[in-house]
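The points are grouped by topic.

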Amino acid sequence: MFPRAFSAESERGMQLTFFGATGTVTGSRYLVRSGGGTVLIDCGLFQGPKALRLRNWQPPAFDPARLDAVALTHAHLDHSGYLPLLVRNGFRGSVYCTRATFDLCKLLLPDSGYLQEQQAEYANRRGFSRHKPALPLYTADDAVRALRHFMPLDYDEPTTLGRAASVRFLPAGHILGASIVEFKSEPEGRRAVFSGDLGRMGDPVMREPTRISHADYLVVESTYGNRLHPQLDPEQELAGHLERATGRGGVAVVPTFAVGRAQTLLHLIARIKARGGLRDVPVYLNSPMAIDATRIFERYRTEHRLTEDECREACSVAVMVNTPQESIALNQKRGPMIILSASGMATGGRVLHHLEAFAPDPKNLILFAGFQAAGTRGAAMIAGAESVKIHGQYVPVRAEVVNLSSLSAHADYAGILEWLRGFEHAPQRIFITHGEPAASDELRRRIAETLGWECEVPEYHQSEELP
């Protein structure tokens with residue numbers, strides 16, 4: 001059953017409903033209704049525990065056919081990965097985003113569909129699924145159909161949506177194309193700002209998020225709302241872990257997000273090698289999507305800090321592994337070597353086969369390099385799990401497991417507070433989303449104590465009138 005229609009009273013304001021990223025860092029979906037139309041901000045997949053993943057299979061709680069548009073903050077699947085299902089369920093509008101986000105979605109969405117098809121086929125062949133047959137959530141063809149709805153825009157280019165509303169994208173840091181989305185309802189000019197995923201201050205690769213001076217309503221992320229990033233040099237920290245593992249002849253398996261994190265890691269490894277570290281240790285990038293994303297990274301040099309030479313060095317530091325046969329052959333090699341492979345939380349992809357091969361050996365290293373959502377294999381391994389289930393079998397984890405603490409693409413609570421200080425006045429309503437419950441509540445408390453602003457932590461499917 002779809003939510004109630006937009007009321008006559010609320011045509012003088014907005015109605016905001018939270019269909020995701022509440023109590024979790026995934027499934028980002030915010031529905032905005034105003035007199036100017038109905039827009040979905042982000043359209044992400046739920047990831048992590050099974051209870052969350054099952055939400056992806058539920059019918060949408062709103063009518064996709066009645067949406068005027070979708071606006072994406074960035075390309076990561078927890079913000080874009082539900083789009084193929086939205087289109088399959090009747091969405092006929094346009095998907096607005098930045099140009100880099102569109103180029104990255106052209107990689108991420110078909111790959112997501114393909115991986116789901118492969119996982120379903122593998123489960124059916126090995127017989128470890130309870131579903132007979134196991135089916136993909138959506139296919140690569142579904143993703144290609146969704147891409148036909150995209151309308152890429154430049155940063156800071158106001159665009160009319162629906163009957164009387166506009167949207168504008170401003171740089172957010174985080175990854176290529178990542179945006180803060182400003183939704184404006186006309187003619188009253190009320191502004192709702194969605195932070196998306198905010199990049200961190202002083203990131204070694206990405207530029208800092210744009211400061212915003214005014215919003216009537218604000219939705220802000222809280223991934224690291226209860227944490228401070230350690231004041232460590234990411235290059236030195238990374239070098240220490242990799243040199244320790246390869247020095248004992250081990251294999252360093254690095255589950256990595258194909259978009260953003262892989263490129264940062266390649267840049268840092270190139271710098272380590274340039275100063276004489278990791279001498280003669282081969283590096284493999286085993287993710288066709290990460291390889292393609294790295295080429296896109298080269299094309300958008302104005303969106304990051306790297307020079308042309310630094311981009312070239314990052315791209316040449318690793319052997320690019322494309323075919324399944326080359327990927328399988330890596331598992332037969334001996335260390336020392338470094339393998340970067342998707343996915344970053346070890347939820348799927350080629351890295352699972354490397355974990356099967358190398359996690360049981362104590363001389364090896366499993367190096368995570370980003371946030372690990374609750375319920376993922378990455379979170380379990382960092383918490384000290386003695387085994388993890390992969391492809392229906394439990395694999396012992398005897399390798400050293402480390403989470404790189406200095407390398408994050410998200411602002412911590414100090415960075416979020418610093419970004420909020422750019423507002424000239426407190427927004428009328430502030431909603432804290434995209435965080436585990438403890439992180440969101442801690443950020444709410446810190447904003448209240450530091451800035452004196454009252455904030456709210458919404459619940460799943462909560463709807464708010466914003467007059």
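Which residue is the bridge partner of Val254 in strand 15? The partner is Leu340. The model under discussion is predicted.

- An open sheet is formed by 6 strands, arranged in the order 14-13-15-12-16-19 with parallel pairing.
- Its edges are strand 14 (319-320) and strand 19 (400-403), each of which pairs on one side only.
- Strand 12 (residues 251-255) and strand 15 (residues 337-341) run parallel and are joined by 5 bridges; the pairing of Val254 with Leu340 belongs to strand 15 on the Leu340 side.
- In general terms, the strands of a sheet pair through backbone hydrogen bonds, in either a parallel or an antiparallel manner.

- Strand 1 (residues 14-18) is mostly covered, with 5 of its 5 residues buried.
- Side chains in a regular strand alternate between the two faces of the sheet.
- In strand 1 both faces are covered: Met14, Leu16 and Phe18 are buried on one side, and Gln15 and Thr17 are buried on the other.
- Strand 2 (residues 30-34) runs antiparallel to strand 1 and is joined to it by 5 bridges; within strand 2, Val32 stands opposite Leu16.
- Strand 21 (residues 463-466) is likewise antiparallel to strand 1, with 4 bridges between them; here Ser463 is the bridge partner of Thr17.

**Helix 6 and helix 7**

- The axes of helix 6 (residues 234-247) and helix 7 (residues 261-274) come within 10 Å and cross at roughly 75°.
- Angles of 65 to 115 degrees count as roughly perpendicular, and the two helices are therefore roughly perpendicular to each other.
- Helix 6 contributes Pro234, Glu235, Leu238, Ala239, Leu242 and Glu243 to the contact, while helix 7 contributes Leu265, Leu268, Ile269, Arg271 and Ile272.
- By class, the residues of this contact comprise 8 nonpolar, no polar and 3 charged.

**Helix 13**

- Helix 13 (residues 413-420) is largely enclosed by the rest of the structure, because 6 of its 8 residues are buried.
- The buried residues are Tyr413, Gly415, Ile416, Leu417, Trp419 and Leu420.
- These buried residues pack against strand 9 (179-185), strand 11 (217-221) and helix 14 (437-451).
- The N-terminal end of helix 13 is capped by Asp412, which has a side-chain oxygen 3.2 Å from the backbone nitrogen of Ala414.

- Glu182 is located in strand 9, one of the elements against which the buried residues of helix 13 pack.
- With a relative accessible area of 9%, Glu182 falls under the 20% cut-off and is therefore buried.
- Neighbours within four places in sequence aside, Glu182 is in contact with Ser166, Val167, Arg168, Arg191, Ala192 and Val193.
- Asp142 belongs to helix 5 (residues 140-147) and counts as buried at 6% relative accessibility.
- Not counting residues up to four places away in sequence, Asp142 touches Pro84 and Arg88.
- Asp142 and Pro84 are 58 residues apart in sequence, yet their C-alpha atoms are 5.3 Å apart in space.

Terms used: Residues numbered from 1 in each chain as written. Predicted model: local features only at pLDDT ≥ 70, side-chain atom pairs only at ≥ 80, totals over all residues. Heavy atoms only, no water. Buried < 20%, exposed > 50% of the residue type's maximum accessible area, 1.4 Å probe, protein only. Contact = heavy atoms within 4.5 Å. Polar contact = N/O pair within 3.5 Å; in protein donor to acceptor, adjacent residues only side chain to side chain. Pairing = 2+ DSSP bridges. Axes fitted to C-alpha atoms, helices over the stretch in contact; angles between N-to-C directions. Parallel < 35°, antiparallel > 145°, perpendicular 65-115°, else oblique. Nonpolar A, V, L, I, M, F, W, Y, C, P; charged D, E, K, R; others polar.
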